[in-house]
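I set down here what I looked up, in the order in which I took it up.

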Amino acid sequence: MDLLRRFALGEIDAFETLVRQFQGDIYAWIVRIVRDPSIAEDLTVETLWRIYRARQKFRPDGNFAAWARRIATNLALDYLRRRRPEQSLLAEPAGAPQSDHLVQRETREKIQQAFRRLPAKLQVAATLALVEEQPYDEIADALGTSVGAVKLRVFRAVRILRKQLNHLGIRPGFEKT
C-alpha cells in the first residue's frame, strides 16, 4: 500500500514519514506569509496537527504538498486576520546601508504599516507575489482560488498600497501585476 493511502487510513508511521518529508516546506511557506519565524513554528505545528486530524478527507491520489500548503495558508490567513498591528510584515531588506539610514527606516516602517492595513487575503497575495516572488499558480493553489483571482488580488493590493503610500509621501515602484 502506498504512503498516501496508508496516511489516509490513519497509519501513524505513514504520517510521521510525511511530516519528515514536508515539515520544512510547510514551515518555509508559512514564514513567507507571516514574516515571523517563531509564529511560523507555532503555525507549522498546528498545520501538522490539522493535517493529521483531516487525514480521512485527503484523497490518496491527490497532491499532498498542495493540500498541506492549503491548510498552512488558511492558518496563516487566520493569524494575519487576528494579529496585533504592531508586528512587522516585511523583513529587513538586505544590502549595504544607504547614506540616510533614518529616512530609509522611516520609509520601511510606512510600507509595513500600509501592508498591515490591507485585508488579509490581499496582504497574503501581495506578500507572496511582490515580496516573495512566488509564481501565481502556486499562490492560487495555496489560496484555493484561480490564477486570475490571485492577479486581481495583487492588482487591488497594489492599487491600495499606492494610494496609501502616495498619501504618506512615498512613491512606490510596484511593477509585478
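How are H3 and H4 oriented to each other? I noted that this is a predicted model, in which local features need pLDDT of at least 70, side-chain atom pairs count only at pLDDT 80 or more, and totals for chains, interfaces and linings use all residues. Residues are numbered from 1 along each chain as its sequence is written, and side-chain values use heavy atoms, with hydrogens and water left out.

**Entry 1: the helix pair.** I found that the axes of helix H3 (residues 37-53) and helix H4 (residues 64-82) cross at roughly 125 degrees and come within 9 Å. H3 and H4 are therefore oblique to each other (under 35 degrees is roughly parallel, over 145 roughly antiparallel, 65 to 115 roughly perpendicular, and the rest oblique). I then looked up the residues in contact (heavy atoms within 4.5 Å). Among them are Ile39 and Leu43 of H3, and Phe64 and Trp67 of H4. By class, this contact of H3 with H4 has 11 nonpolar, 1 polar and 2 charged residues.

**Entry 2: threonine 127.** I located threonine 127 in helix H6 (residues 120-131). Threonine 127 counts as buried, at 1% relative accessibility (buried means under 20% relative accessible area, exposed over 50%, partly exposed in between, with a 1.4 Å probe and protein chains only). A polar atom of its side chain lies 2.7 Å from the backbone oxygen of glutamine 123.

**Entry 3: positive phi.** I recorded a positive phi of about 60 degrees for arginine 35, which is not a glycine. Arginine 35 is in the loop between helix H2 (12-34) and H3, and is buried at 19%. Glutamate 133 also has a positive phi, near 55 degrees. Glutamate 133 is in the loop between H6 and helix H7 (136-143), and counts as exposed at 59% relative accessibility.

Methods:
Axes are lines fitted to C-alpha atoms, for helices over the stretch in contact, and angles run from 0 to 180 degrees between N-to-C directions. Helices (H or I, at least four residues) and strands (E, at least two) are DSSP runs, numbered from the N terminus. Ala, Val, Leu, Ile, Met, Phe, Trp, Tyr, Cys and Pro count as nonpolar, Asp, Glu, Lys and Arg as charged, and the others, Gly among them, as polar. A polar contact is a pair of N or O atoms within 3.5 Å; within protein, one must be able to donate a hydrogen and the other to accept it, and residues adjacent in sequence count only if both atoms are side-chain atoms.
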